[in-house]
Amino acid sequence: MYIAIFGVFGSSWFGWAQEKPRESWRKYLGISSIFSLFFGLLGIYLSVTNWNEQSVLSKAGVFKNYLIFVYIEFFVAAIGSFLLIKYKRKDYIAPWVAFIVGIHFIWLKSIFQDVSLYFLAALLVSVSIISIFLSKRLNVANSAITGIGAGTVLFCFAILGFIRFLLA
């Protein structure tokens, strides 16, 4: 599932990056989205073919706690996005969502017992902050920089998941 989740969401972020990037970036964003989606689909295939294997989320109560946190994450991201739209700052939605997703991985470290999720959290939070300044400098939408950064980070973690699968 590691490969599936990071691959599919990486592809989604590359898609969001196409909101107003430089025209010359579009082809590379599309290629990146396809590669990330390929790894996501590979991860889905591997998950389905290994469906009966044990998972951290198989433990009593863990999946319920995971879902509660995910619902809270969606709620906070949605409220923040609504407020950004209401106050005519919708260009900040992508960095806001990346920030919330980054914070999400801090909590997931304790569930999955994977210290690399702290690194993932730090990278996504950094992307969310840096994108605000870099997008102004490059004269593109915040979502272009946020999407490229978050998509790249998640795609790299999908590849990491694939390597871990091969080494297991």
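## Phe157 in helix 6

At 6% relative accessibility, Phe157 counts as buried (buried is under 20% relative accessible area, exposed over 50%, partly exposed in between, with a 1.4 Å probe and protein chains only). Phe157 is found in helix 6. Helices are DSSP runs of H or I with at least four residues, numbered from the N terminus. Leaving aside neighbours within four places in sequence, Phe157 is in contact with Tyr2, Phe6, Ser116, Phe119, Leu120 and Leu123 (contact means heavy atoms within 4.5 Å). Phe157 and Tyr28 are 129 residues apart in sequence and 19 Å apart in space, C-alpha to C-alpha.

This is a predicted model: local features need pLDDT of at least 70, side-chain atom pairs count only at pLDDT 80 or more, and totals for chains, interfaces and linings use all residues. Residues are numbered from 1 along each chain as its sequence is written, and side-chain values use heavy atoms, with hydrogens and water left out.

## Salt bridges

Side chains of opposite charge can pair when their charged atoms come close. Here a salt bridge is a side-chain nitrogen of Lys or Arg within 4 Å of a carboxyl oxygen of Asp or Glu. By this rule the count is two.

Arg164 lies in helix 6 and Asp114 in the loop between helix 4 and helix 5 (116–138), so the pair ties together parts that are 50 residues apart in sequence. Arg164 is partly exposed at 36% relative accessibility. Asp114 is buried at 9%. Glu23 and Arg26 also meet in a salt bridge, at 3.4 Å from N to O. Glu23 is exposed at 61%, while Arg26 is partly exposed at 29%.

## A buried lysine without a partner

Lys109 lies in helix 4 (residues 93–112). Lys109 is buried yet has no salt bridge. The nearest side chain of opposite charge is Asp114, 8.4 Å away (Lys and Arg count as positive, Asp and Glu as negative; His and the chain ends are not counted). Not counting residues up to four places away in sequence, Lys109 touches Asp114, Val115, Leu117 and Tyr118.

## The largest pocket

The largest pocket holds about 1500 Å³ of space. Its lining has 38 residues, and Met1, Tyr2, Ile5, Leu57 and Phe112 lie nearest its centre. A pocket is an open set of points on a 1 Å grid over the protein atoms alone, where a 1.4 Å probe fits, with protein on both sides within 12 Å along at least five of seven lines; lining residues have an atom within 4 Å of a point. Volume is the space filled by probe spheres set on the points, which are joined across faces, edges and corners.

Helix 1 (2–16), helix 2 (26–49), helix 3 (62–86), helix 4 and helix 6 (142–167) each supply at least two lining residues. Helix 1 gives the largest share, eight residues. By class, the lining has 25 nonpolar, nine polar and four charged residues. Ala, Val, Leu, Ile, Met, Phe, Trp, Tyr, Cys and Pro count as nonpolar, Asp, Glu, Lys and Arg as charged, and the others, Gly among them, as polar.

## Loop residues

Most residues other than glycine have a negative phi. Lys88 has a positive phi near 55 degrees. Lys88 lies in the loop between helix 3 and helix 4 and is exposed at 72% relative accessible area. Gln113 also has a positive phi, about 50 degrees. Gln113 is found in the loop between helix 4 and helix 5 and is exposed at 60%.
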